[in-house]
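Hi there,

Here is the structure I promised to pass on to you. Have a look at it first, and then read my notes below.

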Amino acid sequence: MKASRSFFKMTSRISLLSGKISVDIRLISVWSVINLIVLPPSFGEMYTSVRNIQQSISVERKLLNHLKTYIEDETLRLDDIKRFYAKVSDLHNNVYNSPETAMANPLVAFTLIKRLQSEWMNVVYSNEGKENAQAFRAGYEKEEGGLPKFEDLQGAAKGLMRLQDVYALRVDGLVNGHFQTVTDGNLVDIYRPAVSMPLSGDDCFLVGKVAYELEDYYHSVQWLEEAARLFRGTGGEWIPENEGTLEDTLDHLAFSHFKAGNVSYALSLSLELLRYDPSNRRVLRNVEKYEKLLDAPPSPDRPEIVLQRPNSTYLRTRNTYEGLCQTQGSQPKHYENPRLFCDYFTNGSPNLLLQPMRREVVSIQPYVVLYHNFVTSAEAESIRDLAQPWLRRSVVASGEKQATAEYRISKSAWLKETAHPVVWKVDQRITALTGLNLQPPYAEYLQVVNYGIGGHYEPHFDHATSASSPLYKLKTGNRVATFMIYLSSVEAGGSTAFIYANFSVPVVENAALFWWNLHRNGQGNGDTLHAGCPVLVGDKWVANKWVHEHGQEFQRRCSPNPEE
């Protein structure tokens with residue numbers, strides 16, 4: 001029986017060979033003119049796309065099956081060991097009570113010698129446990145390509161801290177699975193998720209550690225404090241799947257407080273750590289250093305200790321941006337403007353006469369329109385499914401090139417109008433509503449975007465603001481207009497915020513936003529500075545259609561008036 005189990009557990013590692021992958025040219029965007037990089041479908045940078053994270057659930061199910069097999073094999077092995085223990089114990093209790101009598105029997109003597117020379121050695125040096133572990137590891141390695149990388153853990157932790165900041169969430173609330181903020185001194189639930197997930201001490205430790213390694217002590221202090229509280233609550237007991245311990249947490253937390261200027265608390269935490277690790281020389285030196293600092297006469301110029309968020313060197317409009325995100329599209333004063341209206345709109349197009357579009361003018365300056373029910377749910381699903389295999393980390397203009405950036409966390413794919421009839425239909429519908437020429441090369445292919453954990457796009461312009469922008473390599477002028485389609489709903493967050501115009505539009509499933517990026521004189525409209533607020537809860541998908549200046553000469557005539 002043992003031999004047969006061992007035979008089936010002999011597992012060899014399978015090397016994965018990457019084959020050549022052909023790509024349908026219909027799915028390559030006009031951006032390929034700028035920077036063509038074709039990659040095989042992968043889970044790279046999983047945290048930047050909720051769809052990729054959803055797919056990882058199936059990977060963990062496979063890991064669970066491997067673990068179940070390992071537990072069953074180990075249970076059988078331990079049952080064998082228990083049987084051997086029971087057999088030998090029974091001999092000692094019933095046969096070997098009188099060694100002289102027992103050993104007088106040559107059969108009893110033979111079995112004792114045989115057991116001590118052979119059976120004990122087989123039990124002690126059995127390869128079965130090793131084979132079980134090897135089979136389990138082989139199963140894990142088989143699925144390893146679909147697992148998150150360390151950068152995904154870092155990105156997910158940063159996403160949680162981004163949500164904490166933008167929506168002013170309390171860390172102790174997040175730890176308990178709640179999205180809470182303080183309003184007028186009262187604790188308020190921003191959103192109550194259908195699935196609540198409290199965090200463990202180790203979860204908090206890893207978030208705090210990411211902040212710590214970024215020298216972001218504002219966040220590391222808050223998250224490590226929660227980690228220490230939770231670890232203390234378990235008596236500091238360590239469990240195998242944890243990376244952190246109470247000692248690790250106290251170590252990082254003490255130094256975080258020291259760097260934040262709270263020397264007395266750093267000393268207190270270090271002394272607590274020494275109770276668990278009294279011979280730690282580094283901590284002993286830190287204690288000595290902290291005591292000297294506290295014994296020194298206080299400086300009258302020493303500032304009061306106040307933990308502050310790290311400054312943003314590139315986001316000057318942070319307060320306005322975050323305030324608009326927190327309203328989640330609710331600005332009563334903005335919508336009291338009597339010039340705003342709703343109607344059924346055809347734009348004089350025969351295609352819309354029998355089924356006009358529901359138009360909501362949400363802003364006059366800049367001119368922003370929301371078209372309700374622009375696509376059907378079936379069309380939105382088709383576009384998401386078409387894009388999913390080709391999702392890649394979204395990029396931004398960086399000088400004359402493109403690069404990924406922390407201020408844009410999402411994945412995107414480009415769909416040509418010939419990729420599928422539904423894409424062609426969407427283009428035709430945009431033309432009917434706007435009158436704009438979408439024929440190549442006057443408009444870019446449809447860009448489909450899926451956001452990740454805390455996925456966002458901080459304030460930016462869609463049009464080029466520099467003559468060196470890669471947009472101009474298309475030789476069709478600047479982006480004159482944006483047509484953005486909401487391909488999904490979200491439970492909370494994800495609004496589109498117009499910073500200088502001071503309003504935001506919530507995600508409206510199947511609706512579309514339209515605005516002009518340029519004035520009629522060709523200059524950029526500064527009031528179109530906008531942002532995609534972080535997705536608090538949900539899976540946000542949008543599709544962007546960017547229309548360029550060239551080809552629109554008769555659709556949108558020029559004017560020297562800078563106000564038009």
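Thr-249 counts as buried because its relative accessibility is 0%; buried means under 20% relative accessible area, exposed over 50%, and partly exposed in between, with a 1.4 Å probe and protein chains only. Please keep in mind that this is a predicted model, in which local features need pLDDT of at least 70, side-chain atom pairs count only at pLDDT 80 or more, and totals for chains, interfaces and linings use all residues. Residues are numbered from 1 along each chain as its sequence is written, and side-chain values use heavy atoms, with hydrogens and water left out.

Back to Thr-249, which sits in helix α10. Helices (H or I, at least four residues) and strands (E, at least two) are DSSP runs, numbered from the N terminus. The Thr-249 side chain comes to 2.9 Å from the backbone oxygen of Thr-245. Beyond its neighbours within four places in sequence, Thr-249 has contacts (heavy atoms within 4.5 Å) with Phe-205, Leu-224, Ala-227, Ala-228 and Phe-231.

A cavity is a set of points, on a 1 Å grid over the protein atoms alone, where a 1.4 Å probe fits but cannot get out, and its lining residues have an atom within 4 Å of a point. Grid points are joined across faces, edges and corners, and a volume is the space filled by probe spheres set on the points. How many cavities of 30 Å³ or more are there? The count is two.

At least two of its lining residues come from each of α10 (246–259), α11 (263–276) and α12 (281–295), and α12 gives the largest share, with four residues. Among the lining residues are Asp-251, Phe-255, Leu-273 and Tyr-290. By class, this lining has five nonpolar, two polar and two charged residues. Here Ala, Val, Leu, Ile, Met, Phe, Trp, Tyr, Cys and Pro count as nonpolar, Asp, Glu, Lys and Arg as charged, and the others, Gly among them, as polar.

The largest cavity holds about 140 Å³ of space. Of the 16 residues that line this cavity, Tyr-451, Tyr-457, His-460, Met-484 and His-530 are the closest to its centre. Two or more lining residues come from each of β10 (446–451), β11 (457–460), β12 (479–486), β17 (530–532) and β19 (541–548). Seven of the lining residues are nonpolar, six polar and three charged.

Next, the nonpolar cores. A nonpolar core is a set of buried Ala, Val, Leu, Ile, Met, Phe, Trp, Tyr and Cys residues joined through side-chain atoms within 4.5 Å. The largest one has 46 residues, and Tyr-167, Leu-169, Trp-223, Ile-499 and Leu-536 have the most contacts inside it. Leaving aside neighbours within four places in sequence, the contacts of Ile-499 include Thr-317, Leu-324, Pro-459 and His-530.

Two more residues are worth a look. Gly-173 lies in helix α7 (residues 171–175) and counts as buried because its relative accessibility is 2%. Gly-173 and Pro-198 are 25 residues apart in sequence, with 9.0 Å between their C-alpha atoms. Val-108, in helix α4 (residues 106–124), is buried too, with a relative accessible area of 18%.

Enjoy exploring!

How values were computed:
On a 1 Å grid over the protein atoms alone, a cavity is a set of points where a 1.4 Å probe fits but cannot get out, and a pocket is an open set with protein on both sides within 12 Å along at least five of seven lines; lining residues have an atom within 4 Å of a point. A polar contact is a pair of N or O atoms within 3.5 Å; within protein, one must be able to donate a hydrogen and the other to accept it, and residues adjacent in sequence count only if both atoms are side-chain atoms.
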